[in-house]
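Try each task yourself before reading its solution.

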Amino acid sequence: MVEYRIDRRSGVATYVQIVQQTKQALRLGLLEPGDKLPTAREVVEATAINPNTVLKAYRELEREGLVEARRGLGTFVRKSLGAAPADSPLQAELVAWASRARAAGLDRDDVAALFTAVLDEQFKGDTE
């Protein structure tokens, strides 16, 4: 089951963080079709956010066809997103790279900016 972590200082809306974290779990294979998402009550207890925020995130995921609400049963994953399982050898390489970046004195924002720049360069033209 996914555990949501809310960063109140990120500037990203709370419901969007839930959507993003769910999509990440789907891409990494941590959530698979048929898996049940935590109930709104469980998310509220773990994160101290408004239940309507959780429901808004789940509705967005449902609108995108990723999950489905089943009355009286909960919200379940309908489809997967990714091809990069959490135990991929690429993840180990990224962990090593991130460790080297941190040892070189880069902070989280520096690493994110560098990684985003590389992604933008490698995938330019893919979204056009």
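**Exercises on a helix and a surface patch**

The buried residues of helix α2 pack against α1 (14-27) and α3 (51-63). Keep in mind that this is a predicted model.

**Exercise 1.** Find the buried residues of helix α2 (residues 40-47) and work out how they are arranged around its axis.

*Solution.* 
- Step 1: The buried residues of α2 are Ala40, Val43 and Thr47.
- Step 2: Viewed down the helix axis, these buried residues fall within an arc of 65°, so they line one face of α2.

**Exercise 2.** Decide whether threonine 47 is buried or exposed, and list what it touches.

*Solution.* 
- Step 1: Locate threonine 47 in helix α2.
- Step 2: Its relative accessible area is 10%; buried means under 20%, so threonine 47 is buried.
- Step 3: Leaving out residues up to four places away in sequence, threonine 47 touches Tyr4, Ile6 and Arg8.
- Step 4: The side chain of threonine 47 also reaches the backbone oxygen of valine 43, at 2.6 Å.

**Exercise 3.** Name the residues that form a nonpolar patch on the surface, then look at leucine 119.

*Solution.* 
- Step 1: The patch is formed by Leu94, Phe115, Leu119 and Phe123, which together have about 350 Å² of accessible area.
- Step 2: Leucine 119 sits in helix α5 (residues 108-122).
- Step 3: With a relative accessible area of 35%, leucine 119 is partly exposed.

Methods:
Residues numbered from 1 in each chain as written. Predicted model: local features only at pLDDT ≥ 70, side-chain atom pairs only at ≥ 80, totals over all residues. Heavy atoms only, no water. Buried < 20%, exposed > 50% of the residue type's maximum accessible area, 1.4 Å probe, protein only. Helix = DSSP H or I, 4+ residues; strand = E, 2+ residues; numbered from the N terminus. Arc of directions from axis to C-beta. Contact = heavy atoms within 4.5 Å. Patch = residues over 30% accessible without salt bridge, like charges linked within 9 Å, V, L, I, M, F, W, Y side chains within 5 Å. Areas by Shrake-Rupley, 256 points an atom, 1.4 Å probe, with all protein chains shown as cover. Salt bridge = Lys/Arg side-chain N within 4 Å of Asp/Glu carboxyl O. Polar contact = N/O pair within 3.5 Å; in protein donor to acceptor, adjacent residues only side chain to side chain.
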